[in-house]
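The sequence and structure are shown first.

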Amino acid sequence: MGEFKVHRVRFFDYIPSAIRTMAFNSQTERLAVARADGAVEIFNFNDNFFQEKVIPGQDGRAIEALCWVGHRLFSAGLNGEITEYDLENLRPQYTVDAYGGPIWTISSNSQGTQLAVGCEDGTVKIFAILEERIQFQRNLNRHKGRIISLCWHPSIKTEMELLVDRATGASKNKEVVVWSVGYLSDHTIISGDSAGKVQIWNGLTGTLVRTYLVTKWDVLVLSVSKDESSVIAGTSEGTVIQFQFISSTVDQHDKEWVRTRTFRNHSHDVSALAHTDTAVVSGGMDTQLVVRPLLDKVEKNTQESALRKIAFPHRSLVGCAKKAGLLLFQFPDRLELWKLGESEGHGKPGDRLPVKRKPEKLIELKRKGEDHICCSALSACGGWLAYSTVSNVRLYRIQYSNTISINKVSKLPKELRSVHQLCFSSDSSKLFASSCQSSVIVVAVSQQECRYLHTLKHKTGSRQPVHLLCASDDGKWLATANTDCEIHIYNLHKMKLHCMVPVYNSCPTTIAIHPVTNNLISVHADQQIFEFSLVQKEYTQWSRRLQTQGLLSLWLERDTPITHITFNPKNLDHIILHDTYMFCIIDQSLPFPELNAVLWNQMTLKSLPVSQRIGQSHAFKICKSFQHLMCVSLLEDLSLVVVERPLLDIMSQLPAPVRQKKFAT
C-alpha cells in the first residue's frame, strides 16, 4: 500500500444546517430537502440516494414547506413568498408574494392545477398553476389564528384545511396547535398536535374516532403512504411512530388504525418526513437525513434493507493547493484559507510526529451580498482563489511575502456571471467555469488581466447542470460530468469537444484524469469504477477486466459515495479515492479481489499470519484509521492530507435535545 506522512486535519469547523422540511416526488423518485439556511437539496432515490443537485441558500429565505407539482418544485416560507426553482440552473426561477405575512404550509391538489398556502394572517390563498408561473385566484374565509397546516382531498377538486388554534388540551388553559394534517380518500382526517396526540377523525361527520397519545411533547409532522395504508408521525423527542390501517381478525374485515412501530434514529426534533413505498425518510435538528427501510416492503438481509444516514454533502467542500500546501474550506457565508503545519523527524507506521509549526489560518474571506456560496476553487500554486454565488463570480489574486495580500480582480468577463462549478488548470493560467446547458466557460488569468477565451459546448442537447470539472496536468484535456450521467471530454488546445464517454445509467460522483496516461477514472453513485482512455476514446483493458469480473460485494454495499480521486506520482499504478468512512488505494498492477473477499483495514491485515496476508493480496487496499472524511489529497511532497469532521464534534455544537437521557431509564 505504501507509507505516507499524514497531515491529520480537524480544524474544518463545518456544521450542516438543520433539516426544516422535505417533499418526495413518487413519479421521479426524487426527494427535495430544505435546510434552515434556505438551501434545497435534491436526492435521487433511484440512484443509490445520491445528492445530485444543491440549490444554495440565501439570507432571509426561511423555508417552511416544499411541494412537487410534476417536475416542478415550489417552496414557501416565513418571508411570505412562494418560490419556484429552476432545477437546470440551480436557482430560484421567480418568487410571488402571497400578501398574507409568513407562509407556514403549502400543498397542491392531485391534478396539479392549484396551490394552496396557509398564511400568518389566517387566510388560505389559492393560486392557479400555469405553464410558466403561478397566478393568484382567491382567498378562503379568514380564521382567527395563523394557518399552520392544510391538506387537499386526494381526488375531489375542493380544498380542505384544518387548524386548531385555541382548543382544549390536557389542561383547559393550554393552547393546542395542530402542526400537521392528512386527508385520505375515504374522508378520514389524521392530525398531529402540540399535545403529543395523533388523532383520527371522520371528515364527513366531523367526529373524533380515535386518539393516540404518542409523546409528552409535540407531534410535529405527518406523512401518508401513497396507498393510504400507513401513516408516520415525527415528534420533538426524535422518534418516528408508524400507524397502519390493518385488521385484527383473519377475515380482514373491520380494519382500523393501529400503532405498529417506533423508530429512534434521531437525537433531536423530527421536523421533516416522507413516506415512500419501501422506506421512512426523516430529518430534523440533528442535520442527518435518515432512510429507514420498512422490512415488510423489502427483502431482508439485502443492501436495500440497510439503514442509511446521510450526514455530509455528496460533494467536496475542501480545496487543496498541492504545490503550496494550502487548504481552502468552503462555508455558506465565507471561505477560509489555511496553511498546513510542519512536523520534524521520522517514525514508523502509527507514530505521531512532533509538530514543528502549527497550522495557520491565513485568510477568512466573507462573501458579499445575500446569496450563499455555491462553489469555490483554489489554484495549485495557491495564488488564485475564486468563488461563485447564484448571482456573481469573484476572483482574487493572493500574494505571499512577509505578509499576505489578497486583491480582488475588478474586471471579469461578462460571460462569467453565475456558474455551478469552478476549476483552475494545473499551471494556474486558466479558470474553467460550468455554466447553463452544461457549457463550460474558459477564462485566461494573469497578473495583468482576466480575459475570456471560449465557451465549450457539447452536442447532446442536455440542459442539466455540470456538477464535476477536472483538468489534466498537461493542460490538454478537460472533463465534465452532468446530472444526466453524461461525461464530456474537451481538447483545450483545439478548444472543442473531443469525445463523449459512453453513458452509464448511474450519475458520476467524482472524476479525475491520470497525470501520465491521461486516462479518465470515474466512480458512480452505484459504486462502479471505470477507466476511459482519452487518446483511444475507449475503455481501457483494466476497466474491461474489472467490469467482466465484477466488483466485490462489500465495495458495492457501501452507503456513502466516493467524492474525490487523486494519484500517487511515486507509483503510477496507485489510484487514491475516499468516501466518508475510509480511503482506498487501488493498485492496478495487482489482481482483482474475489466477489466475496473481505476488505481488510491495512493495520488489521499486518497483524494476520503471513500465509493469510498473502492470500489477501489484491488491488483494493483500504484504511479506516480516519473517519468522517471530508477530503483526502496528496501533496507535491507526497504527504497525505486527511480532513476529518467527527460527527461527535457536530453533535456537541447542536442545541440541547428536548428529551434528556437519564441514567437507568
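## Domains and basis of the model

The protein chain is assigned domain 1 (17–164), domain 2 (176–310) and domain 3 (318–552); these bounds come from an automatic or database domain assignment. The centres of domain 2 and domain 3, taken over C-alpha atoms, are separated by 43 Å.

This is a predicted model, in which local features need pLDDT of at least 70 and side-chain atom pairs count only at pLDDT 80 or more, while totals for chains, interfaces and linings use all residues. Residues are numbered from 1 along each chain as its sequence is written, and side-chain values use heavy atoms, with hydrogens and water left out.

## Nonpolar cores

A nonpolar core is a set of buried Ala, Val, Leu, Ile, Met, Phe, Trp, Tyr and Cys residues joined through side-chain atoms within 4.5 Å; buried means under 20% relative accessible area, exposed over 50%, and partly exposed in between (1.4 Å probe, protein chains only). The largest such core has 23 residues, of which I529, W555, I565, L577, C584, I586 and F620 touch the most other members. Two or more residues each are given to this core by β47 (519–524), α1 (541–549), β50 (564–567), β51 (574–578), β52 (583–587) and β53 (620–623). Helices (H or I, at least four residues) and strands (E, at least two) are DSSP runs, numbered from the N terminus.

Another core, of 20 residues, lies apart from it and includes F12, F312, W338 and C631.

β54 and β55 (residues 640–644) run antiparallel and are joined by 5 bridges, and L634 has L640 in β55 as its bridge partner.

A second open sheet, of 4 strands, has the order β34-β35-β36-β37 with antiparallel pairing. Over 5 bridges, β35 (residues 384–388) pairs with β36 (residues 393–400); the bridge partner of W384 in β36 is R397.

## The loop residue G101

G101 is located in the loop between β9 (91–97) and β10 (103–108) and is partly exposed, at a relative accessible area of 34%. Not counting residues up to four places away in sequence, G101 touches G80 and E120, where contact means heavy atoms within 4.5 Å.

Technical notes. Two strands pair if DSSP finds at least two bridges between them.
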